[in-house]
Amino acid sequence: MTPDQILFIVTALISTLAAVMVVSRRNMVHAALFLVLTLFGVAVAFVLLEAPFLAVVQVLVYIGAIAILMIFAVMLTRNVTDDSGDPFNKNARVGGLAALFVFSLLVVMFGGWSQFTAYPQAGDTSGSIVQLGVALTAADGYVIAFEVASMLLLGALVGAIFVVWPRQNENE
Amino acid sequence: MVTNLLTDYWPILVLLLVSLGFAGIAMGGGLLLGPRRSSARKQEAYESGMRAIGPGTRQMPVRFYLVAVLFILFDIEVIFFLPWAVVFRQYYENGLGAFILLEMLVFIVILLVGYAYAWKKGALEWE
Amino acid sequence: MTDPLALLGDWLLNLLAQLNLPPGLRQVILYLLGVSVIATVALVITIFNTWLERKIAARIQDRLGPNRVGPWGLLQPIADAIKMLTKEDTTPAAADKVAYNIAPILAVVSVLLIWAVIPFTSQWFGTQLNVAVLYIAAVGSFGVLAVLMAGWSSNNKYALLGAFRAVSQLISYEVPLFLSLLIPVLLARSMDISVIVEKQATLLEMYVVAAPLAALLFFISSVAEVGRTPFDLLEAESEIVAGYHIEYSGFKFGMFQAGEFMHTFTIAALTALLFLGGWQGPGVAQAPILGLFYFMGKSFAVYFVTMWMRSTLPRIRIDHMQALNWKILVPIALTLLMLTPIVDYFTKDLGVLFSAFGGALTLSWRFAALLLTNILVTLAAIEAVRRNAKRNFVERSRFPERPVARPPREEAA
């Protein structure tokens, strides 16, 4: 085994275990912290796939922002931080079976895909950011998606303020 | 086989392990060398000498949440902007300068509308 | 003149080659050595800085500072470290043990990881990433997580309140920080710090010339990011006792402190790299080792400014802190971000404005125009703030005076 493969197996194991912990912990803050570990594992996987830009974006957005937001959201609700009670309900078994089914479906699907084991061509990786930039901004690329993303951010901002900030009118 | 790109990232992993080692040794040393005279009183939450009243955790004010939302939006904007910043000069070297500038201006102006809304709505105030 | 470290590296490579180790293991040993050197350099500078900072703060306040342990008190940090090591390490009974112990480690690691991408000279660096700028931003998010974990796991209401304050300050100031980080990327067309430094070859090509306002924004928001005076309200003693690390004692507390000191020097180094040309300086092309001295000189110069600020400025209020960020720094950064590419576009065909000393002082039209833009934006921002302040003053003075605690007046009998 090459060092890369060992690294992949270790991170895959850690992030899978952490993902299981996310859904099985009673304490919501613990669940959020395990989610951070899972997301970090995914970032390492992105590096191993030679997508460093996505890896750092994964850390920056998901760990640096989304995870913080989730922990904040948990702390917004009263007394959830020292939560007690079974995190599983009656549907846990059905859910587990459904997850197993989807997973085996994915295994079959990717197993039959010829490109799955193909290694990407070793190219000039230093140009990947430039390629990404060109793809995002070129008229025949994803420029519409680029601009729509800005609309989406606007929508999210207005929505967040509308939901979170209703007291402005009541006070006046 | 270790490829060209990944060799750039291995030192980061090694540095991560080395710094974890440093931190672990430092904390272990503190645990070993320091005295251990723990008592129930000492293990209480510190509140400037008073006995702690009420639970240690409390509900968070909602404005902190709003700050986090604002941060995420600008964070994502910056991430979209970075690849643009790297390539924009290629465009005007190819004579497409006006196009690429307009693209960016539309992107920022749409966000500025949201920013102005947040300001107007008082979401940036902190009383 | 050859690079002594390169010589050392070659010598080590030869030594390892003679040991007949498998190539993979040899590579790992090399990484370990290089990385340990970087981590040690960062830690030694931090230890030295704690002494330097106390000494300089003392001079500014007309005191002598540490002068008992060793010559000029130089061994004071060692004594401090021993003191911290031999203090009792307490953990509150109600604390969340695991998160409580991980938090200080994460605080130090998040800062040390930045040093992986810092180029000391044109040849010395841990690693060279084409996403280095984004990497620095990403690694910083672990620091935010450490604060939140420390505050929450201590199970102390002041710690939690301090953590909320700290995190809201950290993430707020990350916005102008990232926005101003974009300006050097825009100018260099690369996210690789080594490339950004290489482009700032001569004195007037430094990005502080083309984007002084961006450099200032970067510096201010970095200081806020570290949580030092005047932005140290996350550990305001009089309000929230000590902030998120109130329950920590002994070396765990020391690690938060060490992380803060290291972070301060790191932001000084980043400012030097992104805006002051890093290891660039006269004679670097012939002798790359000189770059180390230029880089350290520039970093310590910026670090001195942070020490100066720390011993001069009072603490900012929390509403002012948020207003400064969202209503002043962010709009300025956004304006700059829009204007910089536009100016850059319209000056693309203009050449050199003037050149002196055989090219050592070369100012291009592009940089001159960008400098002018920066000055104009600064003036506009100052004017806008002044008008707003005046309006606020008038509005406030319409209201009756706020009640103030006074001793009850003696009623005339």
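Two residues are in contact if their C-beta atoms, placed from the backbone, lie within 7 Å. The model is predicted, so local features need pLDDT of at least 70 and side-chain atom pairs pLDDT 80 or more, while totals for chains, interfaces and linings use all residues. Residues are numbered from 1 along each chain as its sequence is written, with chains lettered from A and ligands numbered from 1 in the order written.

**Exercise 1.** Describe how α4(C) packs on α5(C).

*Solution.*
- Locate the helices (DSSP runs of H or I, at least four residues, numbered from the N terminus). In chain C, α4 covers residues 97-112 and α5 covers residues 132-153.
- Take the geometry. The axes (lines fitted to C-alpha atoms over the stretch in contact) lie 8 Å apart, at an angle of about 155°.
- Name the arrangement. α4(C) and α5(C) are therefore roughly antiparallel, the term for angles over 145 degrees, on a scale from 0 to 180 between N-to-C directions.
- List the partners. In α4(C) they include C:Ala99, C:Leu106 and C:Val111; in α5(C) they include C:Phe142, C:Met149 and C:Trp152.
- Sort this contact by class. The residues are 15 nonpolar, 4 polar and no charged. Nonpolar means Ala, Val, Leu, Ile, Met, Phe, Trp, Tyr, Cys and Pro; charged means Asp, Glu, Lys and Arg; the others, Gly among them, are polar.

**Exercise 2.** Work out which helices of chain B supply the side that touches chain A.

*Solution.*
- Count first. 42 residues of chain B contact 45 residues of chain A.
- Find the helices. α1 (4-33), α2 (62-93) and α3 (97-120) of chain B each give at least two residues.
- Pick the largest share. α2(B) supplies it, with 18 residues.
- Finish with class. This side of chain B has 32 nonpolar, 6 polar and 4 charged residues.

Terms used:
Angles under 35 degrees count as roughly parallel, over 145 as roughly antiparallel, 65 to 115 as roughly perpendicular and the rest as oblique.
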